[in-house]
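Please open the structure in the viewer and keep the sequence at hand.

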Amino acid sequence: MLDVRKIRLILELRESGISDSNVLSAIEKIPREKFIPDNFRNQAYENIALPISDNQTISQPFIVAKMTQLLEINSDHKVLEIGTGSGYQSAILSLLCRRVYTIERIKNLYINSEKIFSKLNITNIVSKHADGNLGWKEQIPFDRIIFTAATSKISNLIFSHITEGGIIVSPIIKNNKQTLIKYKKNNNKINEEEFDTVLFVPNLKDTQ
Ligand code: SAH
């Protein structure tokens, strides 16, 4: 049953502009139901965000696919994710790049996601429980950075953590609206491009 729904979801993503076949095949391979609480598992392949524990959400598959596509990832890349949440986005990234570093501010989510990665035998994700806005100094530079919680501004510290040619994708809050923004560093300058309107949980600085 899940398989039929999965195929339907992949078609829907294709129709909504997800053309990167590596991204679509990662969505096909990673079992989203494993990242979702039992009572919502039958909706795992609906194109919707779902609640996880601690008042957080697993992002909508379209948004996961869209952000991943915007990141233009290749198999050599070192990627930083700020906001592990369920771990689903990290798992998708892990199939496309060399290593994923992911940071979560809520300890319980950090612990749960690590358990899922090990159950699924994913070995190229390194996680930590911290405020992601501080980056991951010991591991810089990153080729790509993805924020999965909405913030009003990317700090200069985070911009300094990407390589030349590096890309950051984040939901940015502007005029009470969240927009997906892609930043690219070229000759030490940052180019900015705007994409879809989105709805993410807020990026908060304290840890729990
Ligand atoms: N990528 C996730 C989406 C999770 S929602 C998934 O696929 O499920 C965003 C997550 O960001 C939440 O779990 C929230 O606790 C976390 N978060 C918010 N602000 C943060 C910060 N400053 N540092 C680290 N994690 C943060």
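How many residues line the largest pocket, and which of them lie nearest its centre? The model is a predicted one, and in it 34 residues line this pocket. Select T57, T148, A149, F200 and V201, which lie nearest the centre.

**The largest pocket**

The volume of this pocket is about 530 Å³. Next, colour the elements that each give two or more residues to its lining: β2 (57-58), α3 (61-70), β3 (78-82), α4 (88-94) and β4. Colouring the lining of the largest pocket by class shows 16 nonpolar, 14 polar and four charged residues.

**The sheet**

Now display the strands as a cartoon. Seven of them form an open sheet with mixed pairing, in the order β5-β4-β3-β6-β7-β8-β9. Which strands stand at the edges of the sheet? They are β5 (125-129) and β9 (189-198); each has a single partner strand, so one side of each is left without a neighbour in the sheet. From one strand to the next, the twist averages 15°.

In general, the strands of a sheet pair through backbone hydrogen bonds, in either a parallel or an antiparallel sense. For an example, select residues 142-147, which are strand β6, together with residues 162-174, which are strand β7. These two strands pair in the parallel sense over four bridges. Within β6 and β7, find I145, which stands opposite I168 in β7.

Select K34, F35, I36, N112 and I116. Among the 16 residues that line the second largest pocket, these lie nearest its centre. The volume of the second largest pocket is about 230 Å³. Its lining comprises six nonpolar, five polar and five charged residues.

**An aromatic pair**

A search of the whole structure finds four aromatic pairs. One of the pairs joins Y101 and W136; show both side chains. The arrangement is edge-to-face, with 5.3 Å from centre to centre and 75° between the planes. Why does this pair tie together parts that are 35 residues apart in sequence? Y101 lies in strand β4, whereas W136 lies in the loop between β5 and β6, and the pair therefore links these two parts.

Definitions and conventions: Residues numbered from 1 in each chain as written. Predicted model: local features only at pLDDT ≥ 70, side-chain atom pairs only at ≥ 80, totals over all residues. Heavy atoms only, no water. Pairing = 2+ DSSP bridges. Axes fitted to C-alpha atoms, helices over the stretch in contact; angles between N-to-C directions. 1 Å grid on protein atoms, 1.4 Å probe; cavity = no way out; pocket = protein on both sides within 12 Å on 5 of 7 lines; lining within 4 Å. Points joined across faces, edges and corners; volume = space filled by probe spheres on them. Nonpolar A, V, L, I, M, F, W, Y, C, P; charged D, E, K, R; others polar. Phe/Tyr/Trp six-rings, centres within 6.5 Å; stacked < 30°, edge-to-face > 60°.
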